[in-house]
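My notes follow, in the order I checked them.

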Amino acid sequence: QRLRMWSAACSTGEEAYSLAMTLAQTVPNLQNWQYLILATDINPNVIHRAKAGVYSSWSFRGTSPEVRSRYFRPIAKGQFALQSDIRRMVTFAEANLVSPDPISNSGLMDIIFCRNVLFYFSPDRVKRVLERFYETLVDGGWLIVSPVETTYLTDLPFVPVLIDGTTVYRKDVLNPRKSVVWPVSAPVVVPPALPVSQPVPPVGEIPSFFVVPVPPTALNDAPALQEPVALAPVSSVVDEEPASTLSPYEQARRSYEQGQYEHVITALLPLCRALDMAGAPTADTIQQLTLLARAYANQGQLVEAQTWCEKALRADQFNPSLHYLLATVLLEQERVTEATRALQKALYADPNFVLAHFALGNLLHQQRRYADAKRYLTSALTILRRTPMEDILPESEGLTAGRLTTLVNSMLGGNRS
Ligand SMILES: C[S@@+](CC[C@H](N)C(=O)[O-])C[C@H]1O[C@@H](n2cnc3c(N)ncnc32)[C@H](O)[C@@H]1O
């Protein structure tokens, strides 16, 4: 009666809390169990929001109204707070999946969920993360990734197991290459009105690599904001020129490259305020406003990010990257309609903006508007066919054309239009 689960790259905690609710619903004597639900992410802002356990209607798409009314209470228009019993079942921590620290405490987890994050990493990093997962799992432990990420697991000693039409992976040290079809599980019987059990203290030690402070540069590897869109780094590589000879903008850009978003804000805010008063924007002004908006967005200061992004847009209203940035910030605030409009404007400004096609397709797909989603995803594929597969896509935080093609193909294969 021991179960340890890890939601790796948990974002705002929906997956981890779903696990907690599932345990509470399906395990009759949970109070006698030793369990751990560990949820980690590199981004301190999402961890902060996850701990609060407050979600908007958008997070409940695809969730039955019964679940919402059973575990959440409305606290404001469209805002729902999770029951504290469930909240206490999850342990949140900041952690970088690709930190160079050595792995300790192997065999610590029974199940690892790592969904919708591997495709952001380079192949080397994917390999490193999967090796880490392998070490961290007990023999016979399970790894669950999203359907589009299963291609990464082919070269590692995880055994694919098909359960009810879903492929999950098992660490099987004795027979690492065998593929198995697990018997279709019997339906889970949910006891009618099971009270939520009192959580027991988490089991085991949390290994040090889970809780190491995350250096800001690590964020360069992460989509700074939520799916489906990620902010792009400033495109050009920083040279080795000493900081003192650089203009304030160049210095700020260098700080941005190093993930030092606070520095960017300190350097650019007075400049941008002055520009704001001066009117008559130039290309330089727009660059500065944009970098400030990006720094705020990466810090999770969404209102400020939106304000500066809109100022930049007033100066350059047909800038596709700015509309895309605004969409990212709006999505993070779950303002889906406005985000959709911003993405449409990005496409109006640049019909070949592949990531905007993908983001719109993804958004519509999440809303189960499969036919509409298919139009945008197909357009993305058409553009991708003309792009060398190893090219890093604009505004994509390192996503290559090849990886996006795989992703889009699997979404198109999986939708039901
Ligand atoms: C698209 S979200 C996926 C969230 C969740 N797993 C899901 O499927 O809904 C990607 C998450 O990965 C996190 N992330 C990115 N790079 C990371 C890293 N190196 N270590 C840990 N988390 C990372 C991001 O902060 C973000 O919250």
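I started with strands β1 (residues 2–8) and β2, which run parallel and are joined by 7 bridges. Strands count as paired here if DSSP finds at least two bridges between them. Helices (H or I, at least four residues) and strands (E, at least two) are DSSP runs, numbered from the N terminus.

Before going on, I noted that this is a predicted model, in which local features need pLDDT of at least 70 and side-chain atom pairs count only at pLDDT 80 or more, while totals for chains, interfaces and linings use all residues. Residues are numbered from 1 along each chain as its sequence is written, and side-chain values use heavy atoms, with hydrogens and water left out.

Back to the bridges: I looked up Trp6 and found Leu38 as its bridge partner in β2. Next I followed the chain and found that β1, helix α1 (residues 14–26) and β2 form a right-handed β-α-β unit. Right-handed means that, with the strands pointing away from the viewer, the path from the first strand over the helix to the second runs clockwise.

β2 also pairs with strand β6 (residues 90–94), again in the parallel sense, over 5 bridges. There, Asp41 has Glu94 of β6 as its bridge partner. I checked how covered β2 (residues 34–41) is, and 7 of its 8 residues are buried. Buried means under 20% relative accessible area, exposed over 50%, and partly exposed in between (1.4 Å probe, protein chains only).

**Two positive phi values**

I then looked at Ala9, which sits in the loop between β1 and α1. Its phi is near 65°, positive although the residue is not glycine. Ala9 has a relative accessible area of 22%, so I put it down as partly exposed.

Glu334 went on the list too, with phi near 60°, a positive value in a non-glycine residue. I found Glu334 in the loop between α11 and α12. It is partly exposed because its relative accessible area is 22%.

α11 and α12 (residues 336–349) cross at roughly 165°, and their axes come within 8 Å. Axes are lines fitted to C-alpha atoms, for helices over the stretch in contact, and angles run from 0 to 180 degrees between N-to-C directions. α11 and α12 are therefore roughly antiparallel (under 35 degrees is roughly parallel, over 145 roughly antiparallel, 65 to 115 roughly perpendicular, the rest oblique). Among the residues that meet are Tyr324 and Leu331 of α11 with Ala342 and Ala346 of α12; contact means heavy atoms within 4.5 Å.

On to α10 (residues 302–315) and α11 (residues 320–332): they pack at about 155°, with axes 10 Å apart. This makes α10 and α11 roughly antiparallel to each other, too. I listed part of the contact, including Leu302, Cys309 and Leu313 of α10 and Leu322, Leu326 and Val329 of α11.

**Ser255, and the whole chain**

Is Ser255 buried or exposed? It counts as buried because its relative accessibility is 12%. Ser255 lies in helix α7 (residues 248–257). Leaving out residues up to four places away in sequence, Ser255 touches Gln260, His263 and Val264. I also checked Ile265, 10 residues from Ser255 in sequence and 9.7 Å away, C-alpha to C-alpha.

Last, the totals: I noted 15 helices and 11 strands in the protein. Of its 417 residues, 50% are buried.
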